[in-house]
Amino acid sequence: MSKDTIADIITSIRNADMNRKGTVRITCTNITENFAKILLREGFIKNVRKHQERGKYFLVLTLRYKRNTKGSHKTMLNLKRISRPGLRIYSNYQKIPKVLGGMGILILSTSRGIMTDREARLEKIGGEILCCIW
């Protein structure tokens, strides 16, 4: 675990996807909880539950898979970290880019909390672009 919690979440989900795991366990903080709620609300993951073990709280994310006719599993989740500790990327609400013409989402950290690009445009606030998901 590094000091970049968003990169840790993205890496954990990507690694679980490559190994075809059904669930991912991440540490529970306010940022990770809000990030997971957005993923659940937008339909990128199937379920989120809070789990306590030895006095520490964890979030257990259940990934959503699409079954092909051959029986193999394929995820519908692609994640990319945009802003990072070495290079922060900020945008005002008028210049927030669209991912795949609106098919994907951007997750932003704003003054009103973590939200998607659509919510930020509606509320007319900008912020730091954390990651894109498609």
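Colleague: Which residue in β10 stands opposite I107?

Modeller: C131 in β10 stands opposite I107. This is a predicted model, in which local features need pLDDT of at least 70 and side-chain atom pairs count only at pLDDT 80 or more, whereas totals for chains, interfaces and linings use all residues. Residues are numbered from 1 along each chain as its sequence is written, and side-chain values use heavy atoms, with hydrogens and water left out.

Colleague: What counts as a strand or a helix here?

Modeller: Both are DSSP runs numbered from the N terminus: helices are H or I with at least four residues, and strands are E with at least two. Two strands pair if DSSP finds at least two bridges between them.

Colleague: How many bridges join β8 to β10, and how many join β8 to β9?

Modeller: β8 and β10 run antiparallel and are joined by 5 bridges. β8 (residues 105-110) and β9 (residues 113-116) also run antiparallel, with 4 bridges. A hairpin of 2 residues leads from β8 to β9.

Colleague: Is β8 enclosed or open?

Modeller: β8 is largely enclosed by the rest of the structure, because 5 of its 6 residues are buried. Buried means under 20% relative accessible area, exposed means over 50%, and partly exposed lies in between (1.4 Å probe, protein chains only).

Colleague: And E128, where is that, and is it buried or exposed?

Modeller: E128 lies in strand β10 (residues 127-133). Its relative accessible area is 11%, so E128 is buried.

Colleague: What does E128 touch?

Modeller: Leaving aside neighbours within four places in sequence, E128 is in contact (heavy atoms within 4.5 Å) with S83, R88, I89, Y90, I107, L108 and S109. The side chains of E128 and S83 are also joined by a polar contact of 2.6 Å. A polar contact is a pair of N or O atoms within 3.5 Å; within protein, one must be able to donate a hydrogen and the other to accept it, and residues adjacent in sequence count only if both atoms are side-chain atoms.

Colleague: Changing topic: in what order do the strands of the open sheet come?

Modeller: The open sheet has 3 strands in the order β1-β3-β2, with antiparallel pairing. β1 (23-27) and β2 (45-53) stand at the edges, each with a single partner strand, so one side of each has no neighbour in the sheet. From one strand to the next, the twist averages 25°.

Colleague: How many bridges join β1 to β3?

Modeller: 5 bridges join β1 to strand β3 (residues 56-63), and the two run antiparallel. R25 stands opposite V60 in β3.

Colleague: Which helices pack on that sheet?

Modeller: Helix α1 (residues 5-18) packs on the sheet, touching β1 and β3, and its direction makes about 160° with that of β1. Helix α2 (residues 30-41) packs on the sheet too, touching β1, β2 and β3, and its direction makes about 150° with that of β2. Axes are lines fitted to C-alpha atoms, for helices over the stretch in contact, and angles run from 0 to 180 degrees between N-to-C directions.

Colleague: At what angle do α1 and α2 pack?

Modeller: α1 and α2 pack at about 45°, with their axes 10 Å apart. That makes α1 oblique to α2: angles under 35 degrees count as roughly parallel, over 145 as roughly antiparallel, 65 to 115 as roughly perpendicular and the rest as oblique. T5, I6, I9, I10 and I13 in α1 meet I31, T32, F35 and L39 in α2.

Colleague: What about R14? How accessible is it?

Modeller: R14, which is found in helix α1, counts as partly exposed at 35% relative accessibility. R14 touches L79 and K80, not counting residues up to four places away in sequence. Its side chain reaches the backbone oxygen of L79 at 3.0 Å.

Colleague: Where do they lie, and are they buried or exposed?

Modeller: R54 lies in the loop between β2 and β3 and is exposed, with a relative accessible area of 80%. K124 is in the loop between α3 (117-123) and β10, and K124 is exposed at 55%.
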